[in-house]
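Me: I'm new to this one and would like a walk through it. Can you help me find my way around?

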Amino acid sequence: GNLVSFIGSARAKEKLRLQVYEDCLNRPGKCMVYDTGDRDSSNNQRFHQNVAPLMYRMIAKSTFCLQAPGDSPTRKGIFDSLSLGCIPVIFTKASVAGYKWHLPNWKSVVILIDSGWMGLRGFNAVDWLHQWAMTYPQELVGMQQSIQRLAYSVQYSTQPNPARGRDGFEVILDNVLEYPLMP
């Protein structure tokens, strides 16, 4: 499989995302890029029928999935990655801040690369991840095992499976129902 993957594109105004994209492009032996092109003109039906299955296979074969902020810091790709067993790599805590119900212990399943490092001369996110994986193999396996336990709770199931726990919708319901109704 791939060590790292990046799915998406980067606009010139998205400086951090562009740097992450270029880091991946510059390490073809370690990082695979699937460029989705211009986000403003994509045909959603064509995308879901043809492109999504290819991207999901790429995610499932990757150890790390780069999730640089784009239009917003939050990324659907974080959940795609977790559901398919890839460790999401984020560059700002804002990418997971809104998901306290689904990712209460996000540091056990997500890697944060400080966005400040991205501008440093000689720093490459892909090289950093490669070095991290080589230095901390037990932590890597631990994260992968945590993702296996978490994956069911970050997706919506049409066939509930009590043996696997609560799915993403049930997690939302559980938390919403905990709040008292407004008077």
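Predicted model: local features only at pLDDT ≥ 70, side-chain atom pairs only at ≥ 80, totals over all residues.

Me: How many bridges join β1 to β3?
Reply: There are 4 bridges between β1, residues 2-8, and β3, residues 62-66, and the two run parallel. For a spot to look at, find Phe 6 in the model: Leu 66 in β3 stands opposite.

Me: Switching topic. How many disulfides are there?
Reply: A search of the whole structure gives 2. One is formed by Cys 24 and Cys 31, with sulfur atoms 1.7 Å apart. The other joins Cys 65 and Cys 86, where the sulfur atoms are 2.2 Å apart.

Me: Is the Cys 65 and Cys 86 one left-handed or right-handed?
Reply: Right-handed, because the torsion about the S-S bond of Cys 65 and Cys 86 is about 115°. Cys 65 lies in strand β3 and Cys 86 in the loop between α3 and β4, so the pair ties together parts that are 21 residues apart in sequence.

Me: What's the handedness of the Cys 24 and Cys 31 disulfide, then?
Reply: That disulfide is left-handed, since its S-S torsion is about -95°.

Me: Are these cysteines buried or exposed?
Reply: Cys 24 and Cys 31 are buried. Cys 65 and Cys 86 are both buried as well.

Me: OK, now α3. How many of its residues are buried?
Reply: 6 of its 8 residues are buried, so α3 is mostly covered. Those are Gly 77, Ile 78, Phe 79, Asp 80, Ser 81 and Leu 82. After α3 comes Gly 85, with a positive phi near 85°.

Me: Tell me about Ser 81. What does it touch?
Reply: Leaving out residues up to four places away in sequence, Ser 81 touches Ile 59, Cys 65, Gln 67, Cys 86 and Pro 88. So both cysteines of one disulfide, Cys 65 and Cys 86, are among the contacts of Ser 81. The relative accessible area of Ser 81 is 0%.

Me: Which polar partners does the Ser 81 side chain have?
Reply: The side chains of Ser 81 and Gln 67 are joined by a polar contact of 3.1 Å. A polar atom of the Ser 81 side chain also lies 2.7 Å from the backbone oxygen of Gly 77.

Me: How many salt bridges does the model have?
Reply: The count comes to 4. Lys 76 and Asp 80 are 4 residues apart, about one turn of the helix.

Me: Is Lys 76 buried or exposed?
Reply: Lys 76 counts as exposed, at 54% relative accessibility. Asp 80, on the other hand, is buried at 18%.

Me: Which salt bridge links distant parts of the chain?
Reply: That would be Asp 127 with Arg 27, at 2.8 Å from N to O. Asp 127 is in helix α4 and Arg 27 in the loop between α1 (15-25) and β2, 100 residues apart. Arg 27, Lys 30 and Asp 127 are linked in a network of salt bridges.

Me: Last one: where is Phe 123?
Reply: Phe 123 is in the loop between β5 and α4, and counts as buried at 17% relative accessibility. Among the residues in contact with Phe 123 are Asp 23, Trp 117 and Trp 128. Phe 123 and Asp 23 are 100 residues apart in sequence, yet 8.8 Å apart in space, C-alpha to C-alpha.

Notes. Residues numbered from 1 in each chain as written. Heavy atoms only, no water. Pairing = 2+ DSSP bridges. Buried < 20%, exposed > 50% of the residue type's maximum accessible area, 1.4 Å probe, protein only. Polar contact = N/O pair within 3.5 Å; in protein donor to acceptor, adjacent residues only side chain to side chain. Contact = heavy atoms within 4.5 Å. Disulfide = S-S within 2.5 Å. Salt bridge = Lys/Arg side-chain N within 4 Å of Asp/Glu carboxyl O.
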